[in-house]
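Visitor: I would like a close look at a single residue and its surroundings, please. After that, show me how the rest of the chain looks from there.

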Amino acid sequence: MSEGGPYVPTLQRIAHLSDVHILERRGANDGSYSFSTRMVSVHRRLDDNARALKMKAALESAKRARADHIVISGDLTELGTPKQFERFAEVLHDSNLDADCVTLVPGNHDAYDSSHGWKNAMAGPLRAYASCSATEPGRTIDRATFAILPVDASRHQSIARSGGELTESTAEALQRRIEDPALRAKATIVVVHHPPFGNDRNPWHFIDGLRGHDRLLTLLVKHPQLHVLHGHRHRIVDRIVGGGKNRVFGASATVDDAPSRPRVRLYEVRDGSLESIGLAA
Ligand SMILES: [Fe+2]
């Protein structure tokens, strides 16, 4: 207790955006986009500058909200090409955010171009953000009142599929960290692109779902301090797991926003739990 009265800890604030789907910078003579780009972007306008502006506006919104940490939960790029990761890094660098306060995970779109695009981006244009992002199973960003566990559940696949996979080794590494007594009093936050729900017998889950989602769901049921932040659905999701409070939060897609009205989710860490407090202004 301090001299001036009871000690009131400052609530830590986390901003969450997702599904930016950045395109590479285009010149006047670059011709039309590739077949793959047109296919995966079939309902979205192919305008590289507009997408970069949307991302810039979302990051500015998170900064104005005084977020202590910013999470971007996958589909950072449209196909995961080197040029698209370079453009994404360019916009992120220009935001002048502290790299230790930014967590990135890849989505299915980030692995369409190759199986090593994400790894190369983490070692290349996005290396400043690698220490707080999904580079290895069990990676933990340990802060005063919360811990973030970023997960790479992407896999290289045909553009006809949009699934993810929580591998056995990743699930085991997650479990070890979640059960670490040092994290027990903190809000523990798994960031993964796909939501941890689905039905293995549904053919659509085979195409679009998270293989191994049941491992994550089991951990959620067992550990009340555990939360999941995801993207992929391109819409706001609040789900209760294990009774009591919402603990699975999905963000809308930055690519679907107008640059003048970015939707960035905000959460506050309160008593070892994560509470949604709405959208940033
Ligand atoms: Fe997406």
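Guide: Let us start with Leu 76, which is buried because its relative accessible area is 0%; buried means under 20% relative accessible area, exposed means over 50%, and partly exposed lies in between, with a 1.4 Å probe and protein chains only. Before we go on, please keep in mind that this is a predicted model, in which local features need pLDDT of at least 70 and side-chain atom pairs count only at pLDDT 80 or more, while totals for chains, interfaces and linings use all residues. Residues are numbered from 1 along each chain as its sequence is written, and side-chain values use heavy atoms, with hydrogens and water left out.

Leu 76 sits in the loop between β2 and α3. Helices here are DSSP runs of H or I with at least four residues, strands are runs of E with at least two, and both are numbered from the N terminus. Setting aside residues up to four places away in sequence, Leu 76 touches Val 20, His 21, Ile 22, Phe 88, Leu 104, Val 105, Asp 110 and Trp 118, where contact means heavy atoms within 4.5 Å.

In sequence Leu 76 and Val 105 are 29 residues apart, and their C-alpha atoms are 8.2 Å apart in space. Val 105 belongs to strand β3, residues 102-105, and counts as buried because its relative accessibility is 0%. Neighbours within four places aside, Val 105 is in contact with Ile 72, Ser 73, Gly 74, Leu 76, Asp 110, Trp 118, Ala 134, Pro 150, Val 151, Val 191, Val 192 and His 193. Thr 135 lies 30 residues from Val 105 in sequence, with 8.4 Å between the C-alpha atoms.

Now for the elements on either side of our loop. Helix α3 holds Glu 90, which is partly exposed at 33% relative accessibility. From Glu 90 to Ala 52 there are 38 residues in sequence and 9.3 Å from C-alpha to C-alpha. Between α3 (82-94) and β3 comes a loop with Asn 96 in it; Asn 96 is exposed, at a relative accessible area of 66%, and has a positive phi of about 60 degrees although it is not a glycine. Arg 66 lies in the loop between α2 (48-64) and β2 (69-73). Its phi is also positive, near 60 degrees, in a residue other than glycine, and Arg 66 counts as exposed at 69% relative accessibility.

For a contrast with the buried Leu 76, look at Ile 277 in strand β13, residues 273-279. Ile 277 is partly exposed, with a relative accessible area of 36%. Apart from residues up to four places away, Ile 277 touches Arg 13, Leu 266, Tyr 267 and Glu 268. His 213 is 64 residues from Ile 277 in sequence and 27 Å away, C-alpha to C-alpha.

Stepping back, the protein chain has 7 helices and 13 strands. Its radius of gyration is 18 Å, close to the 19 Å that the globule rule gives for 281 residues, so the chain is as compact as a globular protein of that length; the radius is taken over C-alpha atoms, and the rule is 2.2 Å times the number of residues to the power 0.38. The C-alpha trace spans about 65 × 45 × 30 Å along its principal axes. Buried residues make up 54% of the 281. Among contacts with a separation of 6 or more, 72% join residues 24 or more positions apart.

As for annotation, an unreviewed UniProt entry places the feature "domain: Calcineurin-like phosphoesterase" at residues 13-235; UniProt positions follow the numbering used here, feature names are shortened, and annotations may be inferred rather than shown by experiment. Residues 13-235 are 31% helix and 16% strand, with the end C-alpha atoms 21 Å apart.
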